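Grab your viewer and work through these exercises. Each one has a task, then a solution in steps.

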Amino acid sequence: MKAKRQIPDRRERSFKNRLSELSELPKDVVLGIPMLTMVGQMELNIENYRGIIEYTDCLIRIHTKDGQIRISGKNLKVDYYTNDEMKVTGHIVSIEYVNLTVPS
């Protein structure tokens, strides 16, 4: 029998938010949420991701803790990636968050 994935309830997320504020640690570290840094329309750095779902020259889908990030554009390329960080270059037209849980 497969164990069900437990989804954190609002109290747990609220506690983590308060913990991050009280400890003065960045929320991306405490909550494990992705952090995106964009330089113009040509470069995107993503931290705290879980994996690459789809990779073409016009669409890159990234798996995160809370869902997916869809990057659309032209001549997209993953310049490098590590276990927790990646750099996407090309002409970025849009960034979408898909199926993300709504924090309380």
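Patches are built from residues with over 30% relative accessible area and no salt bridge: like charges are joined within 9 Å, nonpolar side chains (Val, Leu, Ile, Met, Phe, Trp, Tyr) within 5 Å. A salt bridge here is a side-chain nitrogen of Lys or Arg within 4 Å of a carboxyl oxygen of Asp or Glu, and accessible areas use the Shrake-Rupley method with a 1.4 Å probe, where for residues only the protein chains shown count as cover.

This is a predicted model: local features need pLDDT of at least 70, side-chain atom pairs count only at pLDDT 80 or more, and totals for chains, interfaces and linings use all residues. Residues are numbered from 1 along each chain as its sequence is written, and side-chain values use heavy atoms, leaving out hydrogens and water.

**Exercise 1.** Find which residues make the nonpolar surface patch of about 320 Å².

Step 1: pick out Ile52, Tyr55 and Tyr81, which make the patch.
Step 2: check its cover; Tyr81 has a relative accessible area of 57%, so it's exposed (exposed is over 50%, buried under 20%, partly exposed in between, with a 1.4 Å probe and protein chains only).

**Exercise 2.** Work out whether Thr64 is buried or exposed.

Step 1: find Thr64 in strand β4, residues 59-64.
Step 2: its relative accessibility is 1%, so Thr64 is buried.

**Exercise 3.** Describe the overall fold pattern along the sequence.

Step 1: count two helices and six strands.
Step 2: read them off in order as α-α-β-β-β-β-β-β.

Definitions and conventions. Helix = DSSP H or I, 4+ residues; strand = E, 2+ residues; numbered from the N terminus.
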